[in-house]
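Subject: Structure for you to look at

Hello,

Here is the structure I said I would pass on. Please open it first, then read the notes below it.

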Amino acid sequence: MKTNHDSKPSWYEALLKPPVEGQKWTAAKSERLLQEISMRRRKKEPFGKRSLKLGWFVPIIAILAAAMVFISTDGFNRTFFVGENNRNAGTVDGAKWEMFPGGEMIAGTPAGAMWMIHKQLKELMGHKVQIIATHQQSGMSIVELPEMTINDTNAQEIDKRLLSSVDAVTKTRIASDMAIPLGGKWRFELFIDGLSSGSKEWTVPDGGWELSPSFVSGSYSMTGTQGKLGFIDPGFIAGKGNKYMWHFWGAKEELTGGLQIYAVRESTNELLTVFESRVSPGEHNGADAVLPSGMTLPHAGKWKLIVMINKQWFGNVVVQVEKGE
């Protein structure tokens, strides 16, 4: 004979476990739970052994809301905030927006992020959204999210009935890479149709200072990240210029446009522009695009070369600069 426990949905057991399961309750687990609930609601399954009765629905949402509060810093590291004065809230036509970085957000490693605009998707359809990030210590500005037109493929509406009942509203979610090249305090500004809709600040821990490895492409040894970017490396001597042949891998659209190469010395905010040009696709030495450059780094020590294409971060290469004679 089946008990009440046997008739409960298959995912009910997951809800009985603590919000922090093992090392963490991850955003992915919460997302799968949301999708399962949403799918069953859309199917409108009849009441019975597999139905989601109202009596079940209330505790499910309560548990899910509690799980969101306990998301650790290893998952999406902020809870859903409400209220006008929260530090991660901006506005767009009177509606709030929120930012939720994912994973361990460390400079030099894409972490991904969710951006939640407190409006229905139908209200935002056809409008253009863009996110610009500015490094407060150096003034470097990058495009965190290239301008895109909101539609039902790049944005998702989050049903208010699947959120906490406290100040719950329907929200539209978009995603970005959250690829930040430098540690420090960053200001993120969200634009709708070219107009600023508010900003917030976020401190990104520094990281990514290991010397870049060597790899072979074609018949040449290069320094960088294999399959992404690198250059034929004759070495660096402080104050002495040299030529460096850059190689890039990627899709045509991301390898076409303005190129900027910046350099910052370890433990400083000394940001230099060392090379500017334009890059375009053209296979060579096994790479999808190549470009010669001349670069000079003024001081000995460890330097991070930051490569930007069309104001979007493409990658970093960390090198050691030797003392001059």
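R278 is a residue of strand β16, which covers residues 271-279. This is a predicted model, and that applies to everything below. Is R278 buried or exposed? Its relative accessibility is 60%, and because exposed means over 50%, R278 counts as exposed.

Which residues does R278 touch, apart from its neighbours within four places in sequence? The contacts are G257, G258, L259 and L291.

Now the chain as a whole. Its secondary structure consists of four helices and 19 strands. The chain has 325 residues, and 44% of them count as buried. Taking the contacts with a separation of 6 or more, 59% are between residues 24 or more positions apart. The accessible surface is about 16,600 Å², and carbon and sulfur atoms account for 51% of that.

Next, the aromatic rings. Searching the whole structure gives nine aromatic pairs. One of them is formed by W97 and W115, a tilted pair with 5.8 Å from centre to centre and 40 degrees between the planes. W97 belongs to strand β2 (residues 95-101) and W115 to strand β3 (residues 113-117), so this pair ties together parts of the chain that are 18 residues apart in sequence. W97 and W115 are both buried. There is also an aromatic cluster, made up of F231, F236, Y244, W246, F248 and F314.

A probe the size of a water molecule, rolled over the atoms, shows where empty space is left. The largest pocket has a volume of about 390 Å³. It is lined by 19 residues, and those closest to its centre are D177, A179, E254, Q312 and W313.

Which strands each supply at least two residues of this lining? They are β5 (141-149), β7 (171-176) and β19 (312-322). The largest share comes from β5, with five residues. Sorted by class, the lining of the largest pocket holds eleven nonpolar residues, five charged ones and three polar ones.

Regards

Technical notes:
Residues are numbered from 1 along each chain as its sequence is written. This is a predicted model: local features need pLDDT of at least 70, side-chain atom pairs count only at pLDDT 80 or more; totals for chains, interfaces and linings use all residues. Side-chain values use heavy atoms; hydrogens and water are left out. On a 1 Å grid over the protein atoms alone, a cavity is a set of points where a 1.4 Å probe fits but cannot get out, and a pocket is an open set with protein on both sides within 12 Å along at least five of seven lines; lining residues have an atom within 4 Å of a point. Grid points are joined across faces, edges and corners, and a volume is the space filled by probe spheres set on the points. Ala, Val, Leu, Ile, Met, Phe, Trp, Tyr, Cys and Pro count as nonpolar, Asp, Glu, Lys and Arg as charged, and the others, Gly among them, as polar. Buried means under 20% relative accessible area, exposed over 50%, partly exposed in between (1.4 Å probe, protein chains only). Contact means heavy atoms within 4.5 Å. Accessible areas come from the Shrake-Rupley method with a 1.4 Å probe; for residues, only the protein chains shown count as cover. Rings of Phe, Tyr and Trp (its six-membered ring) pair if their centres lie within 6.5 Å; planes under 30 degrees apart count as stacked, over 60 as edge-to-face and the rest as tilted.
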